[in-house]
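Biologist: Let us go through this model as questions and answers, starting with the terms.

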Amino acid sequence: MSVSALPNLILEPLVRSALMEDLGSNGDVTTLTVVPTDTTYCAKLNAREEAVVSGLQVAQLAFKLVDPTLQITSHLYDGQRCAKGDTLMEIRGSAASILSGERVALNFAGRLSGVATATAGLVAETAGTRARITCTRKTTPGLRIVEKQAVLHGGGFNHRFSLSDAILIKDNHIAAAGGVRAVLEATKARASHMMKVEIEVDRLDQLTEVLEVGGADVVLLDNMSPDMLSEAVAMVDGRLVTEASGNVTCETVAAIAATGVDYISSGALTHSYRTIDLGLDF
């Protein structure tokens, strides 16, 4: 999937922080001790399993922030699929610099490729349906922007980035505010006309009330069975965008998509993914 790269200006603080965490106050003392400063090498970032890659832009930035003179050749790009044994990029130059940036680069690329690969797995299971796979805010603190970018690399879509993006009324809001009607009436009275409104329901009687009161653009159908989802989609009849969530796995997602929902959201994409095995080989 072709996805625009994030500006390095946005990524730099994130990558610098990771490098500072890893290098500490004394730098890479092992490399400084045992590797002559004039040693140069060509290292290859290789895939040790099949995956959809993500985080290569971040990995390249990590090496460049350690040493701007390093020469990097990309063989694959974020959003592309790799096979076991593929070389993703080559890094030429100071061996000490390559070694000092290795772990941060691999940490980003392996984890973000895990997000992209997990996303691609769900997307593949929904082929032929209208459903789009989307992530949530259940991201690693500080890594949201790159994890959500990895979802795009896997063929998915992004939900809101922050609490300030849209009004998403969940079950706790409904409980605290006095019910479905109360929260929707408050939203109609106070929300900007530019702000999208989504409301979560887990029962069909709640959905009936949402449709009667109005004021929402999207309804989040939470933890409903496929049969109940199908009934909910029929009740909505195109008047709202529908989003299903809860118990979304590669085993369940096809049945969820077959109900006709517009979106399927999965927090697992960014909180329970498996890191892809990548290695830096000299």
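Modeller: Two strands pair if DSSP finds at least two bridges between them. Strands (E, at least two residues) and helices (H or I, at least four) are DSSP runs, numbered from the N terminus. The model is predicted, with local features needing pLDDT of at least 70 and side-chain atom pairs pLDDT 80 or more, while totals for chains, interfaces and linings use all residues. Residues are numbered from 1 along each chain as its sequence is written, and side-chain values use heavy atoms, without hydrogens and water.

Biologist: Which residue stands opposite I199 in β9?

Modeller: Strand β8 (residues 197-201) and strand β9 (residues 218-222) run parallel and are joined by 4 bridges. In β9, the residue opposite I199 is V219.

Biologist: Which strands are the edges of the open sheet of 4 strands?

Modeller: The order is β3-β5-β1-β12, with antiparallel pairing. The twist averages 15° from one strand to the next. An edge strand here pairs on one side only, and the two are β3 (71-74) and β12 (278-281).

Biologist: In β12, what is the bridge partner of L45?

Modeller: Strand β1 (residues 40-47) runs antiparallel to β12, and 4 bridges join the two. The partner of L45 in β12 is L280.

Biologist: Helix α3 lies across β1, β3, β5 and β12; at about what angle to β5 does α3 run?

Modeller: Helix α3 covers residues 56-66, and β5 covers 87-94. The angle of α3 to β5 is about 5°.

Biologist: Are α4 and α5 parallel or oblique to each other?

Modeller: The axes of α4 (residues 95-125) and α5 (residues 144-153) come within 7 Å and cross at roughly 40°. Angles under 35 degrees count as roughly parallel, over 145 as roughly antiparallel, 65 to 115 as roughly perpendicular and the rest as oblique. The two helices are therefore oblique.

Biologist: Which residues of α5 make the contact with α4?

Modeller: Contact means heavy atoms within 4.5 Å. From α4, the contact takes in L112, V115, A116 and T119. From α5 come V146, E147, A150, V151 and H153.

Biologist: What is the handedness of the crossing of α1 and α4?

Modeller: Helix α1 (residues 8-23) packs on α4 at about 130°, with the axes 10 Å apart, so this pair is also oblique. A crossing is left-handed if the near helix is turned anticlockwise from the far one by less than a right angle, and right-handed if clockwise. The crossing of α1 and α4 is right-handed.

Biologist: How many disulfides does a search of the whole structure find?

Modeller: A disulfide is a pair of cysteine sulfur atoms within 2.5 Å. The sulfur of C42 is too far for a bond, because the closest cysteine sulfur, in C82, is 18 Å away. For C82, the nearest cysteine sulfur is that of C250, at 17 Å. The number of disulfides found is 0.

Definitions and conventions
Axes are lines fitted to C-alpha atoms, for helices over the stretch in contact, and angles run from 0 to 180 degrees between N-to-C directions.
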